[in-house]
Amino acid sequence: MLLRRDGRSARPSGALSDADVLIVGAGCAGLSLAWHLVERGLGGRRLLLVDPRTEYGRDRTWCFWNVVEHPFEDLVTKRWSRWRVRHDGPWVERSADGLRYEHLPSDAFYDRVLARLRAEPGVELRLGTSAGEIVEHADGVRVETSGGTLRAPIAFDSRPPPRRAASRPGRDVAFLQHFEGWQIEADRDAFDPTVATLMDFAVPQKHGVHFFYVLPYGPRRALVEATWFGTEVPGDDVYETALVRYIRESLGVTEWRITDREAGVIPMSAEPMPIRLSERVYRIGLGGGMAKPSTGYAFQAIQTFSEGMAARLDHDTLPEPPTPRTPFQLFQDRVFLSYLSRHTSRMPATLVGLFEQVEPKLLARFLSDRSSPTNALEVMAAMPIRAMTAETLRSYRLWLR
Ligand SMILES: Cc1cc2nc3c(=O)[nH]c(=O)nc-3n(C[C@H](O)[C@H](O)[C@H](O)COP(=O)(O)OP(=O)(O)OC[C@H]3O[C@@H](n4cnc5c(N)ncnc54)[C@H](O)[C@@H]3O)c2cc1C
């Protein structure tokens, strides 16, 4: 019998549980938590994951700066030591000793984690199983799924959040980062594989702040992604038209083959997204606010959170979760989003200015939520100082409300 520190049973009394820990959604966050639990040792606990998908593949690529340690470093397939951004002027290219922009394909991550989980006797992964509402009772949770009712003393819900820009009127600003990317094979050499294009704003600024992201894997192979920061997700034709035009006109490629596609909608909101919904139900992944509101990066925060959460579950069966970022970091994101909403047309120049003026390691740590408050203020000082001060004061007032 599992006991909480306070001596209460972690198992639902009077009802047979299907698992000791239930994870709803076995994508990045669900699998990462399972990985860390198994790595620490389940200690006799039974872990059950459910997900409607029936297969895993390369449905996304995760990129990040190499400033946060995580257990999947050996799965990184590409590292860029140079990167560039531009708006209406020349390219701003940056690099720094030892700093790399890294690329981890999702299929490698899924294969690694699934192999580990399948080898663990206490773990069950039920694919093709869709979960409905999670209902909490005094001594456990109950979830209706397409495969029947499941009961457990604790549940982690990693289902995706709604695809809308959520904000509380007058208090929060919220955007969506939405994108579609094509991995293409050009019919001739067209890319410099040594430099990643992080933001190319030299494109028509329609439907919000718009830029292209290009990850060159080789002279003929690249991921080309059309990205927007906006409040509405446009129709599929908008992505297609923008991608074709960019590949032809900006990259100068006339013949190509699409070998893979990825698409996503990531909430950019500094609105608090509670992880602990109730005593026994925790939201994790994007729904638990793990994406950095100003950038949409989530992979490293998910790893750090999962490691911390698994450690806490060793000592307490219903622990307080770790927080993905500090209130000060959340405040910086709120300032950024507030500035974005009020000075949308200035955003491309502001972002390019950051890369131009801020020392690359400092900026990488800031973008990865790893900077000290002093460093963060240094980064913010590189933004238009008057408008930023106004947004800081405004956000500070909203923050206190
Ligand atoms: C295309 C793409 C590229 C990205 N690139 C980066 C990047 O470069 N760097 C970075 O840091 N972040 C990136 N992100 C953001 C973030 O890291 C990913 O979205 C990450 O996968 C989020 O993890 P998650 O577990 O919250 O969501 P997911 O990985 O999407 O997992 C959610 C799971 O819930 C399951 N599910 C859905 N409905 C149900 C249901 N009813 N019952 C049970 N399960 C259900 C889904 O099938 C899925 O497996 C990217 C996101 C996308 C979409």
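**Exercise 1.** Which strand gives the largest share of the shell around the ligand?

*Solution.* Before we start, note that this is a predicted model, where local features need pLDDT of at least 70, side-chain atom pairs count only at pLDDT 80 or more, and totals for chains, interfaces and linings use all residues. Residues are numbered from 1 along each chain as its sequence is written, and side-chain values use heavy atoms, with hydrogens and water left out.

Step 1: Look at the elements that each supply at least two shell residues, among them helix 1 (28–40) and strand 17 (256–269). Helices (H or I, at least four residues) and strands (E, at least two) are DSSP runs, numbered from the N terminus.

Step 2: Strand 17 provides the largest share, four residues.

**Exercise 2.** Find polar contacts (pairs of N or O atoms within 3.5 Å) between protein and ligand.

Step 1: Move to R53, whose side chain places a polar atom 2.8 Å from an oxygen atom of the ligand.

Step 2: Finish at T61, which has a backbone N or O atom 3.2 Å from a ligand nitrogen.

**Exercise 3.** Is S269 buried or exposed?

*Solution.* Step 1: Locate S269 in strand 17.

Step 1: Its relative accessible area is 10%. Buried means under 20%, exposed over 50%, and partly exposed in between (1.4 Å probe, protein chains only), so S269 is buried.

Terms used. A polar contact is a pair of N or O atoms within 3.5 Å; within protein, one must be able to donate a hydrogen and the other to accept it, and residues adjacent in sequence count only if both atoms are side-chain atoms.
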